[in-house]
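Student: I've got a new model open and I'd like to learn how to read it feature by feature. Can you walk me through it?

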Amino acid sequence: MTSAAQHDASTPAAPKPHMLGPWLIDASAWVVGLGAAIVARFDLDMRAAPLSATAVAVLAAVIMHTVIGHQQFLYRGRYGFGTFEEVRAVFTTVLAVVLVLFAVDLAMVDRPVPLSSALVGGPVALVFMFGARYLRRLQHERRLRPDAAQATPVLLFGAGSAGQGLVRSMLRDRDSAYVPVGFLDDNPAKRRLRIDGVPVLGNRGDIAAAIGHTGARTLIFAAANVDASVIREIRRTTLEAGASFKVVPPVGELLDRTVRAADVRDVKVSDLLGRHQIDTDLDAIAGYLKGKRVLVTGAGGSIGSELCRQLDRFGPAELMMLDRDESALHAVQLSLRGKGLLDTDETILADLRDAEGVKAIFAERRPQVVFHAAALKHLPLLETHPGEAVKSNVWGTQTVLEAAAAVGVERFVNISTDKAANPTSVLGYSKRITERLTAYAAMITEGTFLSVRFGNVLGSRGSVLKAFAAQIDAGGPITVTDPEVTRYFMTVQEAVQLVIQAAAIGRDGEALVLEMGEPVRIAQVAQQMAEQADQPVKIVYTGLRHGEKLAEDLFGDGEEDSRPLHPMISHVAVPPVRPYEARGLSAYGDRVRVVKEMVELSESKPARGTVGRQAGKPTSGLRARA
């Protein structure tokens, strides 16, 4: 250490110019505190009070406070004025001064000042110091408050952590577009709560009255992880009361970041359809992901990219993102790292149809956890080109299963779909076969191999919402197959969160079915989007396409809804199918023949000897054999 540094650490220098004010406040506090304590001890008789000794005691207190405060970095610019960190440093400094003054006074035979002086004067001085800082902080925060004449007065529904953080963000931003005038919350315990001066005015039944009383022009929905039905109800009540309705993103979208005023946005149809309360066991998730080499196939897709974003939170030793679309890889790396140079090992350009290439990648990179999200999923296209479903969905999955088994993957998660339950489409048949192939791998390979099945993902590529949005942008009409058709919906963030949770609790060979809430009529979705359009848009019904169902199933015939480990995750058994049967499918022949073979394989009974063999399974790897 240099001599200059030693001097700075041991010698109390004069307070920095911008810290002179706080030092003067603290010095004055000792004058007031000790002076008042001593004079009060002599019944306010100034002639009886030892004024000279008092002056010496005050001077000693100020000097000690300065020296100790210097060691605590109190006047060296480390703490913001009035922050909790500074308050802690002030308290520590005052306590030390009081103890020294008391010890010195106690040790003297002829005490110059009463023994109680430090014990009483110290707390008085501390109150004076805290009070000055509190007033200064209030003054500072008032200067930061948005201009009430310019900002929009808003009510916030939800006085929890998200709402409180949002209010503080607004009140500390001079340029904020919003100024909070009240909270609403259904929790009776928060009825008369005030947060940074903003009162809780009631519950959802008081929305109209609160809007009228406060003059609020907007209600911001700030309750975290609330079911979509609650959002729809509160939105309807708000609009009927004459105010606009906005929301903050669900927790999954924020990825652990604190909500800010800039996050407030207009409501999306996904908010009105797909928010679910999800109880995630973060400890269990971190246990199988932290420090592991994790690979995601189809990493550039809607599910795959969100998987990468959420998996990255759990500290994997390596996150490998595999896709055949270089633009998609660029986009996911850009969203994760803030740059998309594509010059690191984390992005892998490969096609699952290239079996030797995929196996070489696995052999070199040796992933420990695999999420297989790559698949062709557009139902009408696959009805026309079923051979492509065989080559990508079936054979591609088998290639990844064989590569994973060869390197001893610890956990393999096959992303499936609700269309695999009682399938009626090429997409459904192909995904049902992948579930059965995964179940076979679970039987004969070390590690845990399972499938996760869920419904429509809001906002994904090919999602009905994106199709409707494009039709609205083009001026309409919105095309709906049937007025009674229903589908299950979940946001991509919620679906991926449950996929990661399911992988933590899933057992070998199972298909885990995610809770999707109540099915939603597509016509209702179209109507809600049409209502938010800038111009009138018609809705036209075109009839169900080949392979489409009026309502999707989450469970196939004979499958039971059993939820032994998580209230939103069901476990169903999957009958295995041998890989050689899948390899024997036609992919280049007549379309009718291709589909017929897929139907037969998806519905076939498991071969004798392929059930109940998971205990003591061999480690030789998975091969396309009988």
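Predicted model: local features only at pLDDT ≥ 70, side-chain atom pairs only at ≥ 80, totals over all residues.

Student: Where does Phe 102 sit in the secondary structure?

Tutor: In helix 4, which covers residues 84-107.

Student: Is Phe 102 buried, exposed or partly exposed?

Tutor: Buried needs a relative accessibility under 20%, and exposed needs over 50%. Phe 102 comes out at 24%, so it counts as partly exposed.

Student: OK, on to the backbone. What should I expect from the torsions?

Tutor: Most residues other than glycine have a negative phi, and most peptide bonds are trans. So the cases to look up are the ones that go the other way.

Student: Which residues have a positive phi without being glycine?

Tutor: Arg 366 is one of them, with phi near 45°. It lies in the loop between helix 14 (355-365) and strand 11 (369-372). Asn 422 also has a positive phi, of about 50°, and its place is in the loop between strand 12 (411-417) and helix 17 (426-444).

Student: And how accessible are Arg 366 and Asn 422?

Tutor: Arg 366 has 40% relative accessibility, so it counts as partly exposed. Asn 422 is at 25%, which makes it partly exposed as well.

Student: Where do I find a cis peptide bond?

Tutor: Go to Gly 476 and Pro 477: the bond joining them is cis, with omega about 0°. Pro 477 is in the loop between helix 18 (464-473) and strand 15 (478-480).

Student: Which way do strand 8 and strand 9 run relative to each other?

Tutor: Strand 8 (residues 293-297) and strand 9 (residues 318-323) are parallel, joined by five bridges.

Student: How does helix 16 pack with helix 22?

Tutor: For a helix pair, check the angle and the distance between axes. Helix 16 and helix 22 (residues 591-603) make an angle of about 45°, with axes 8 Å apart, and are therefore oblique to each other. Helix 16 brings Pro 386, Gly 387, Ala 389 and Val 390 to the contact, while helix 22 brings Arg 591, Val 594, Val 595 and Met 598. By type, that's six nonpolar, one polar and one charged.

Student: What about the five-stranded sheet?

Tutor: This open, mixed sheet has the order 2-1-5-6-7. Its edges are strand 2 (178-184) and strand 7 (265-266). Strand 5 (residues 218-221) pairs in the parallel sense with strand 6 (residues 244-247) over four bridges, and Phe 221 stands opposite Val 247. Helix 6 (residues 161-171) lies across strand 1 (152-157), strand 2 and strand 5, at about 155° to strand 2.

Student: Last one: which residues have the most contacts inside the largest nonpolar core?

Tutor: Leu 289, Phe 371 and Phe 454, in a core of 46 residues. Helix 19 (residues 492-505) gives the most to this core, with nine residues. Beyond its sequence neighbours within four places, Leu 289 has contacts including Val 294, Phe 371 and Ile 500. There's also a second, separate core of 40 residues, which includes Leu 352, Val 390, Val 394 and Val 595.

Technical notes. Residues numbered from 1 in each chain as written. Heavy atoms only, no water. Helix = DSSP H or I, 4+ residues; strand = E, 2+ residues; numbered from the N terminus. Buried < 20%, exposed > 50% of the residue type's maximum accessible area, 1.4 Å probe, protein only. Pairing = 2+ DSSP bridges. Axes fitted to C-alpha atoms, helices over the stretch in contact; angles between N-to-C directions. Parallel < 35°, antiparallel > 145°, perpendicular 65-115°, else oblique. Contact = heavy atoms within 4.5 Å. Nonpolar A, V, L, I, M, F, W, Y, C, P; charged D, E, K, R; others polar. Core = buried A, V, L, I, M, F, W, Y, C linked by side-chain atoms within 4.5 Å.
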